[in-house]
Number of protein chains: 2
Amino acid sequence: MPRTSTKAAAPVRRVASDYRLEDQVGFLLRRAYQRASSNLVDRIGSYDLTAPQYATLARLYERGALSQNLLGRLVAMEPANIRDVVLRLKKRRLVATRRDATDKRLILIDLTTAGVALVEQLIPIEIECTATTLAPLKADQKQLLYELLGRLAEG
Amino acid sequence: MPRTSTKAAAPVRRVASDYRLEDQVGFLLRRAYQRASSNLVDRIGSYDLTAPQYATLARLYERGALSQNLLGRLVAMEPANIRDVVLRLKKRRLVATRRDATDKRLILIDLTTAGVALVEQLIPIEIECTATTLAPLKADQKQLLYELLGRLAEG
DNA sequence: GGCATATCGTTATGATCATAACGATAAACG
DNA sequence: CGTTTATCGTTATGATCATAACGATATGCC
């Protein structure tokens, strides 16, 4: 087994001052999201669903039919992105689309019967997955994390 | 000005039980990362750099020359992904590559003079950006967030 | 030395992402 | 009523991402 090539860390030639990449929130958030996302895919990957796709289905389950644009905002996706996600879900018959009768601009998205069934199957798994992701934290820390993240996300 | 199409929220037809998408850490982390990332791009976007590209440069600045693979691990990117990032940075002459003399498998990546200069210009901006992202939090909360995120990322 | 195993980098595929520009439709307003 | 402005969805471009499969090289151990 070859050892991990740490390669004797070439001498740090520059004055790195006090700066460390690990101290940048963005970097930490990205890694934490990677972890959470992979936890989810590990569990629901057999359904061939990604985290954003699941979020989309879950939101439709909560809210019922929504315009594509509003749906996108409710899952934090740009119009161009939610479009692609909806197309994939539609191709798999998990959602259906129809034109809004009064506002011809809108495309209404809704879960199909199969979509509803799938979401109801997935929700317990997702809750379990969240627990796994949060496992390194104590109960009161979890609560705290939610509050802090909420503030960051809202700005 | 047309009102935001909330569309009178079609009646929630399913039993949503206690489930809410907002209660899933992954979703919160994704949104928080979106915020942090856009904060960074707002500030360094004029340099045509993305957050992952910046992270890559910053890591090289901290550590000096690294193999492409190790560099990838140190910025939390898969081999296939760090490859593309390095290619883009190389195209812009911010990094240079060379073969390792003793281990023919390795490609050593290092900052160019231009790369070093750019990083040193960007570091203060990035620190400022982190402060902006964390602005909604009090001092003690920031410290706490780091600890919690660190635990999540490490698993 | 020679074989099994591990690591490195590449390639290919498919899904996110953000951004800008665009036509179509709707609402606001004089 | 007609003009201006806003919103919706699309298209295009480019950058992340994860995953699997692959050849090349290095290391482990016999």
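Q: What area is buried between chain B and chain A, and what share of it do carbon and sulfur atoms give?
A: In this predicted model, the area buried between chain B and chain A is about 6,800 Å², and carbon and sulfur atoms give 63% of it. The contact behind this value draws 70 residues from chain B and 70 residues from chain A.

Q: Why is the pairing of B:Arg59 with A:Glu22 called a salt bridge?
A: The closest N and O atoms of B:Arg59 and A:Glu22 are 2.5 Å apart, and because the rule asks for a side-chain nitrogen of Lys or Arg within 4 Å of a carboxyl oxygen of Asp or Glu, the pair qualifies. Across the interface of chain B and chain A, two salt bridges are found by this rule.

Q: How many residue pairs are in polar contact between chain B and chain A?
A: The count is 22 residue pairs, with both residues at pLDDT 80 or more. Among the elements that give two or more residues to the side of chain B that touches chain A are helix H2 (51-63), strand E3 (107-111) and helix H5 (113-133) of chain B, while the largest share, 12 residues, comes from H1(B). By class, this side of chain B has 39 nonpolar, 12 polar and 19 charged residues.

Q: What makes the crossing of H1(A) and H6(B) left-handed or right-handed?
A: The crossing is left-handed, which means that the near helix is turned anticlockwise from the far one by less than a right angle; the two helices pack at an angle of about 40°, with their axes 8 Å apart. Residues making this contact include A:Leu28, A:Leu29 and A:Arg35 of H1(A) and B:Leu145, B:Tyr146 and B:Glu154 of H6(B).

Q: Which classes of residue make up the contact of H1(A) with H6(B)?
A: The contact has nine nonpolar and three charged residues, and no polar ones.

Terms used. Residues are numbered from 1 along each chain as its sequence is written. Chains are lettered from A and ligands numbered from 1 in the order in which they are written. Side-chain values use heavy atoms; hydrogens and water are left out. Contact means heavy atoms within 4.5 Å. Buried area is the accessible area (1.4 Å probe) that two parts lose on being put together, summed over both. A polar contact is a pair of N or O atoms within 3.5 Å; within protein, one must be able to donate a hydrogen and the other to accept it, and residues adjacent in sequence count only if both atoms are side-chain atoms. Helices (H or I, at least four residues) and strands (E, at least two) are DSSP runs, numbered from the N terminus. Ala, Val, Leu, Ile, Met, Phe, Trp, Tyr, Cys and Pro count as nonpolar, Asp, Glu, Lys and Arg as charged, and the others, Gly among them, as polar. Axes are lines fitted to C-alpha atoms, for helices over the stretch in contact, and angles run from 0 to 180 degrees between N-to-C directions.
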